[in-house]
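Please look through the structure below with its sequence beside it.

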Amino acid sequence: MNEPKQPRKLNTGSASGRSSAPSGSTGRRINRSSSPASGSGQQRTVYHASEQPRRQAQSPRQDQPQRQAQPAARRGQPRRRPKKKKSPLKIALISLLTLVAVVCVGLFGLYQWVVHSISPDGGTPSINELINTPSEYKGDVVNILVCGIDYEEGRAYSNDPTSNDGMTDMIMYVNFNVKEKKINMLQIPRDTYAGEEYSTGGTGKINAVALRNEGGITDLAKLITEQYKLPIDYYVTIDMQSLKEIVDLFGGIEVYLPQEVADGKGSHLPAGPHNLDGASVEFLVRNRHGDGYAQGDIARLDMQRYFYQGLFNRIRTATVWDLAKLTPVALKYITTDIPGDTLVSLGVSFLQVDSANIMMCKVPTYSAAERYNGQSIQVCDTTKTLDLINTYFLSYTTPVDSLNVPTLATAGSSTDPNVQYMGQLDTEAEGGSASEAG
């Protein structure tokens, strides 16, 4: 008869550094206890795993010193790696990037505030959609009416003698073909006859329409659309007083003058290249007297283009700090109904337009014309103007057959539209500067 089987003993010794547990064992210490086996009189051994870490069940290798026991509070926690010291260069770079990020966020917030301030929701009249650019060209072409308001000190233009309301002495129609990256600008002389459909305060001149009618600048936009068949999407008004501040904030504007500008009273600017300050620019854009100004306001429009050429070049090189300095000027002197996102988009698109694709011209007018209420006025040459508009301002759509511009009896010949591109003016200015240097 066979001897009864004895319970199997588990070898828990660690003297040799090996465990007798089979491969795949947990390697943990085992506590055992005996309990009666089910259905037999034999004892069954039950093994219980200890909670100690499994690596403690194994002995260290003989050829390595035994590690010291770690405190119980730190058992099972990952070891911390020693901190690396950051180099001064890396710290400086991180600080610089942080500063730049803060400044950029601040400037963006400032810009957004300015945009919403000059085009407030509900606070500024908007151009009627009936005179907007046709919907099929939306986004590709934008037409804007830009007006300079002259608040000449000491002159009251409205019926209120205590007011100092100004007239739109600078009227420019801007056709911005965003898709083709082209800009065409049409100057409308301030003394152009506007007819009698809109009030002009008895002057008959187009520069009084915005002041004398309830709709203000929107009525002027309607008149231009009705008479010249030009669609208008938005408007921008700029106080002419702002020119002085803008120029001075820029540190002056490089302007080339092809001839002397004088008022016959002792004030003058010689021909040649100049860095004009604010007061000099104001004199240049307002003067319409003196030698070479036989045509008065018409000659002034031609000379103003040289200022625009210098101003555009300066804007293209403006920094974010220049724009930040101009913020108070924009808030004080500029009003527009252009939405903020559209304004940003147009600004970015403008910087992509080459000066060779920026054109300026003016409405051809007769200076020898019948007077209106004793006022000397300019009468539009409708034939020349129709051709000008179809060629440069309605080239993306169907040409128009006629204009609705009012006329009076005229004599002699009309002025030339004087089509010029900014690229030509750039070349002329560079040649004049080189000649002066030589």
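A cavity is defined on a 1 Å grid over the protein atoms alone as a set of points where a 1.4 Å probe fits but cannot get out, and its lining residues are those with an atom within 4 Å of a point. Grid points are joined across faces, edges and corners, and a volume is the space filled by probe spheres set on the points. Rolling a probe the size of a water molecule over the atoms shows where empty space is left. A search of the whole structure on these terms finds two cavities of 30 Å³ or more.

The model is a predicted one, in which local features need pLDDT of at least 70 and side-chain atom pairs count only at pLDDT 80 or more, while totals for chains, interfaces and linings use all residues. Residues are numbered from 1 along each chain as its sequence is written, and side-chain values use heavy atoms, with hydrogens and water left out.

The protein chain has ten helices and 15 strands, where helices (H or I, at least four residues) and strands (E, at least two) are DSSP runs numbered from the N terminus. Of its 438 residues, 41% are buried; buried means under 20% relative accessible area, exposed means over 50%, and partly exposed lies in between, with a 1.4 Å probe and protein chains only. The chain exposes about 25,900 Å², of which carbon and sulfur atoms supply 51%, the areas coming from the Shrake-Rupley method with a 1.4 Å probe, and for residues only the protein chains shown count as cover. Among the contacts (heavy atoms within 4.5 Å) with a separation of 6 or more, 68% join residues 24 or more positions apart.

The largest cavity holds about 70 Å³ of space, and the residues that line it are Asp 150, Asp 169, Met 170, Met 240, Val 285, Arg 286, Arg 300 and Gln 304. At least two lining residues come from each of strand S4 (167-177), helix H5 (278-286) and helix H6 (297-316). This lining has three nonpolar, one polar and four charged residues, given that Ala, Val, Leu, Ile, Met, Phe, Trp, Tyr, Cys and Pro count as nonpolar, Asp, Glu, Lys and Arg as charged, and the others, Gly among them, as polar.

The second largest cavity holds about 40 Å³, and its lining includes Asp 169, Met 170, Gln 304 and Tyr 308. Two or more of its lining residues come from each of S4, strand S5 (182-188) and H6, and S4 gives the most, with four residues. Here the division is six nonpolar, two polar and one charged.

Tyr 308 lies in helix H6 and counts as buried because its relative accessibility is 12%. Apart from residues up to four places away in sequence, Tyr 308 touches Met 170, Met 172, Gln 187, Met 360 and Met 422. Its C-alpha atom is separated by 9.9 Å from that of Ile 253, which is 55 residues apart from Tyr 308 along the chain.

In soluble globular proteins, nonpolar side chains tend to be buried together. A nonpolar core is a set of buried Ala, Val, Leu, Ile, Met, Phe, Trp, Tyr and Cys residues joined through side-chain atoms within 4.5 Å. The largest such core has 46 residues, and those that touch the most other members are Ile 183, Met 185, Val 255, Leu 284, Phe 307, Ile 358 and Met 422. Helix H6 gives this core its largest share, six residues. A second, separate core of 36 residues includes Val 141, Tyr 173, Ala 194 and Tyr 228.

Leu 230 sits in the loop between helix H3 (217-228) and strand S6 (234-239), and it counts as buried because its relative accessibility is 0%. Setting aside residues up to four places away in sequence, the residues that Leu 230 touches include Tyr 173, Leu 186, Ile 389 and Phe 393.

Two loop residues have positive phi values without being glycine. Lys 181, in the loop between S4 and S5, has a phi of about 55°, and it is partly exposed, with a relative accessible area of 35%. Asn 373, in the loop between strand S13 (365-366) and strand S14 (379-380), has a phi near 50°, and it is exposed, with a relative accessible area of 58%.

Key
On a 1 Å grid over the protein atoms alone, a cavity is a set of points where a 1.4 Å probe fits but cannot get out, and a pocket is an open set with protein on both sides within 12 Å along at least five of seven lines; lining residues have an atom within 4 Å of a point.
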